[in-house]
Amino acid sequence: MLPNKLTDFFDKPAWINRTLFYATIFVTIALIFIIIFGIFNLIFPNFIFPNNAIDYDNERYLLSALVQSLAATIALVITLSLVAVQLAAQSYSARVIDVYKRNPDMWILLCIYIFTIFYGLGLTKIIGLGILGNYMEGAIFVAYFMGFFAFLCLVPYVWNIIELIKPSHLMNLLAMDITKENVLKAVNNDTKTSPEVPIIDVINIALERSDPFTVRDGLEAITNSVKNVFQNEHFKEEEEKLFSKYILSQLKLIGLQAVSRKNDVSAKNTVKNICSIFIKTSKMKKEHTHFIATSCIGEIGIEASKQELYVTTTIVAKLFGIIGVYSIENSFTDITRLVIKDLAEIAINGDKITKSEVTEAMGKMGIKSMEMKIQNPIIRNNVKTIIDTLYEIGILEEDIWTASKISEYLEEIGTKSIIRKSNDIQQVTLDVLLEMGNHYAENELEINIWVVKEALQKIGLVAIESENKEATKMVIEVLGEIGITAAKMKLPWEPEVEGKRIKSTSSSISRRELEKLSNKSKENKWEDITSLIESKIQEIEKTRNNNGN
């Protein structure tokens with residue numbers, strides 16, 4: 001753990017961190033040299049530095065060569081560094097130059113080289129004059145040591161420059177400027193450049209080049225910085241609203257640009273990053289941030305559905321299912337209403353998979369709403385909207401899986417409405433099931449009718465167990481209407497699956513379900529209900545016989 005912490009500390013591009021890093025290298029090399037010469041003295045105890053030498057020609061030549069090498073090296077390093085800066089500016093944005101300009105490594109390396117070069121020049125000037133006396137050999141040794149240290153410092157410096165060329169590392173450095181203070185200054189126009197703009201420039205260029213990996217790195221850099229700000233900073237209500245609206249709107253624009261370029265992968269990644277901010281702030285109960293994030297995700301999802309980017313729309317529908325349930329649990333009614341509205345619009349243009357995800361999301365939200373304070377008129381209106389949306393999907397997508405899932409969710413909503421004595425929800429649910437059943441009958445979709453009837457039967461059984469006669473009568477009426485419509489269409493009472501009949505013991509559609517409800521009603525001695533059921537069965541049979549079915 002300690003080495004990792006030290007690495008993280010030294011890698012931070014701050015002056016104190018990088019200065020301590022190079023100081024650590026210096027001390028380490030000095031200790032190594034001391035240990036090596038200590039061992040050398042143990043092996044050769046009579047060895048000493050000749051401190052009375054008269055001729056320093058060799059040392060003078062070595063120092064001169066060292067100084068020239070250092071000067072040539074630093075010139076080459078600076079040239080290559082400026083070329084790297086130029087390439088980065090051309091590839092990404094001119095704004096990334098600030099990263100290189102603020103990079104402490106280059107300035108620290110320059111200082112090391114300047115000191116070593118001028119130290120060597122000064123030493124060359126006074127060598128052999130006896131100015132330092134017995135300390136001359138030590139001073140020459142320091143020059144050699146500093147030269148070695150200067151050359152060794154090139155290794156981490158070059159490594160750092162190569163890392164800076166990588167988009168991910170570059171954008172992580174740029175994202176360090178995304179702080180609460182800097183963003184709020186940008187909102188209030190107190191600064192010339194917004195902290196996220198350089199990263200967005202890089203992302204936009206990556207979108208033009210169809211480079212989803214760079215887009216992903218840029219989005220993650222912004223998102224991670226924003227999450228850190230929320231975690232470590234305290235916001236007043238108005239500050240939170242301004243900060244969230246500004247940052248999330250920028251992310252939304254990236255998502256919309258990706259959609260306009262039909263870049264499904266980048267649009268999907270944008271949505272995921274916005275949702276990541278939503279999840280990070282969920283424990284903090286930042287409702288303003290949640291609402292803005294939901295709005296941004298919805299706008300991207302709706303536009304993606306219009307552009308037929310079905311990967312993004314499917315992800316949005318799936319995420320909205322999670323966000324919707326969360327908002328219901330926390331009584332965030334505005335967010336719930338927005339999720340329902342956007343899901344309904346996404347479903348209109350979505351493909352079959354998207355519609356199935358919308359069905360799942362809507363169904364779970366409807367069930368969760370029925371478990372909350374259903375007396376709240378806002379919650380009841382939301383549930384009604386959910387039921388209407390499920391009906392629209394059921395009519396648009398007539399496959400058996402969709403019909404089955406929708407009927408299943410409507411059944412659970414309907415049964416909970418009876419238990420919770422929510423008559424208006426109960427009425428809407430049964431009306432929708434009736435409309436779906438009649439639609440399937442008119443389009444000769446026998447198996448779809450079957451799943452609708454099963455849902456109605458279960459709702460009816462719950463109504464009888466709850467001793468709710470009115471609800472039971474409504475279910476019977478709906479089953480009767482569907483059966484009559486099916487009889488008018490001369491539908492066979494045996495549903496057909498891949499050319500094979502699924503046989504039943506009943507003689508017409510809805511009869512089996514009505515008979516089960518009749519048997520259950522007899523246990524309660526509800527003679528009026530059993531009489532109503534018998535009349536409905538007779539009416540269905542009469543219609544069936546009149547139509548020659």
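## Helices in a predicted model

Leaving aside residues up to four places away in sequence, Ser225 touches Ala175, Met176 and Ile178, where contact means heavy atoms within 4.5 Å. This is a predicted model, so local features need pLDDT of at least 70 and side-chain atom pairs count only at pLDDT 80 or more, while totals for chains, interfaces and linings use all residues. Residues are numbered from 1 along each chain as its sequence is written, and side-chain values use heavy atoms, with hydrogens and water left out.

Ser225 sits in helix H11; helices are DSSP runs of H or I with at least four residues, numbered from the N terminus. Ser225 is buried at a relative accessible area of 12%, buried being under 20% (1.4 Å probe, protein chains only).

Here are the helices that come up:

| Helix | Residues |
|---|---|
| H2 | 15-43 |
| H5 | 104-126 |
| H11 | 212-232 |
| H17 | 352-370 |

Now for a packed pair. H2 and H5 meet at an angle of about 45 degrees, their axes 10 Å apart; axes are lines fitted to C-alpha atoms over the stretch in contact, and angles run from 0 to 180 degrees between N-to-C directions. The two are therefore oblique to each other. On the H2 side, Trp15, Arg18, Thr19 and Tyr22 make the contact, and on the H5 side Pro104, Asp105, Trp107, Ile108 and Ile112 do.

Then there's H17. H17 is mostly covered, with 15 of its 19 residues buried.

How values were computed:
Angles under 35 degrees count as roughly parallel, over 145 as roughly antiparallel, 65 to 115 as roughly perpendicular and the rest as oblique. Buried means under 20% relative accessible area, exposed over 50%, partly exposed in between (1.4 Å probe, protein chains only). The expected span of a helix is 1.5 Å times one less than its number of residues.
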